[in-house]
Amino acid sequence: MNCSNARDRLERYLDGELEMESNLEVVGHLEACQGCASVFEGERKFLDEIRRHGEGIAAPGPLRGRIERAIAGDAGPARPWPFVRAFVPAAAAAVLLALFVSIFSSGTAAASPDSIAKQAAAWHDRRPSSVVPLSSGPELASFFSSKGRKSCLHEKLVNASMNYGYRSACVENTGPAGDPTCWWTAACPKSGCRMTHACFKAPPGLDQVWPPGHGIRTVTVGNRTVIMGHGNGMVCLFVMDNRGEADRLVLAINSPRD
Amino acid sequence: MNAPDRKAFEELAYPLLDSAYRTALRMTGQPASAEDLVQEAFLRAFRGFAQFQRGSNFKAWLFRILTNVFLNDYRRKSREPQTADFSETDPADPAPGSPAIRAEEIEAIRTHLGDELSRALDRLPSDFRLPFLLSTFEEFSYKEIAEILEIPIGTVMSRLFRARRMLRSELLEYARASGYLKDQKPT
């Protein structure tokens, strides 16, 4: 790649819009060319300054009330009583907990990568799509280090996905059968894709059908793609909305830069 | 709409209130108009929530409504022309492939140009301002912006890149005219 090719891709590179291969070509060029690296860095700083200027603008406090009243007027007096409102999330949580227990519990039929992928994809589809900051859930890194569970591909997978702009949507730190485990769903504002990540104790019998330590396995479930790793008694997986996003993540995982 | 749907709508919509207001403020330039615009967009989104495909990108869907309300209701009432004032080949547009922005230029923007940035943004015709706002502040992808604004992805890119060049050029010109930067051509 020459300087002209690289600069033609400047905006798309900074916006995260290049395909992986093209992106890596630009990265390679910037490592070798000080002139282009300087142009790219200047442009990035310029955009950062612009963005910084937009930070901190929040909706005026009363606006939400105004909208709520407008919607209430539109919907009629449908707002449930307070105890009902409290009961509905509690009931939903109970249903979710029951689903958790039924998934991957020791008593289920012999586990296989395909069955795990299918269940994970179904769980992924039930997750909310709204994104909240990671800080509102347990910090993943401290959670895992405190449990001494820096296992399999976990760290590399999380780093790779965060580098791709995925932001945490919801975090669960208790999983099937009460095992310490971690499930979270994230959304990438750039691609509009969602991703669910989980790391949990390998179900009994899995070693027989899927020997640990044999790298990444990719399983397609409908239009979802599940990327899985198995080692140290744990299974780590990522459910991606589509195959393109899954391929991007696998490339990132396999890239020595990550 | 039944209560669970209303709750689902609220859970998806209210976390985006600041974001929607920020964009509306940049669209209209007036806090009061921005509030009206956001309220109208949220109300229409609520009414049309049954058409929202669950699991798809709610933010893009909401911003499409916000943009439509702005373009159809607000811009129409304003004096701003419906189409951009300049064509794809406008000679006033800075050339593509701009040279490196220098460290002192970044510094001048950081320390002196906050207010001017708002004015420069307001001066951008909305055909250019909207892709810029959606990309730079809300981090939508080119594809999402194309869907929100209902324009081809190539048009999104050309308008976005051009908006950035125009903004940069205006800011640096202002900084030189105000004495924040030496009257020196960028290297």
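Mentor: Two residues are in contact if their C-beta atoms, placed from the backbone, lie within 7 Å. Keep that in mind as we go through this predicted model.

Trainee: Which residues in helix 3 of chain B does helix 2 of chain B meet?

Mentor: Look at the helix 2 side of chain B to start. B:A20, B:Y21, B:A24, B:L25, B:M27 and B:T28 take part there. Their counterparts in helix 3 of chain B are B:P31, B:S33, B:A34, B:L37, B:V38 and B:A41.

Trainee: Is helix 2 of chain B parallel or oblique to helix 3 of chain B?

Mentor: The two helices pack with their axes 8 Å apart, at an angle of about 130°. That angle makes helix 2 of chain B, relative to helix 3 of chain B, oblique.

Trainee: Is that crossing left-handed or right-handed?

Mentor: Two packed helices are described by the angle between their axes and the distance between the axes. Handedness is a further point. Where helix 2 of chain B passes helix 3 of chain B, the crossing is right-handed.

Trainee: Is B:F42 buried or exposed?

Mentor: B:F42 has its place in helix 3 of chain B. A residue counts as buried if 20 or more other C-beta atoms lie within 10 Å of its own. B:F42 has 28 other C-beta atoms within 10 Å, so B:F42 is buried.

Trainee: Turn to chain A. Why is strand 5 of chain A largely enclosed by the rest of the structure?

Mentor: Strand 5 of chain A covers residues 224-231. It is largely enclosed because its buried residues number 7 of the 8.

Trainee: How many bridges join strand 5 of chain A to strand 6 of chain A?

Mentor: Strand 5 of chain A also pairs with strand 4 of chain A, antiparallel, over 5 bridges. In strand 6 of chain A, A:V235 is the bridge partner of A:H230. Strands 5 and 6 of chain A run antiparallel, and the number of bridges joining them is 7.

Trainee: Which residue takes a positive phi in the hairpin of strand 5 of chain A and strand 6 of chain A?

Mentor: In the hairpin of strands 4 and 5 of chain A, A:G222 has a positive phi near 60°. The hairpin of strands 5 and 6 of chain A has 2 residues between the strands. There, the residue with a positive phi, near 55°, is A:N232.

Key: Residues numbered from 1 in each chain as written. Chains lettered and ligands numbered in written order. Predicted model: local features only at pLDDT ≥ 70, side-chain atom pairs only at ≥ 80, totals over all residues. Buried ≥ 20, exposed ≤ 12 C-beta atoms within 10 Å, placed from the backbone. Helix = DSSP H or I, 4+ residues; strand = E, 2+ residues; numbered from the N terminus. Pairing = 2+ DSSP bridges. Axes fitted to C-alpha atoms, helices over the stretch in contact; angles between N-to-C directions. Parallel < 35°, antiparallel > 145°, perpendicular 65-115°, else oblique. Left-handed = near helix turned anticlockwise from the far one by under 90°.
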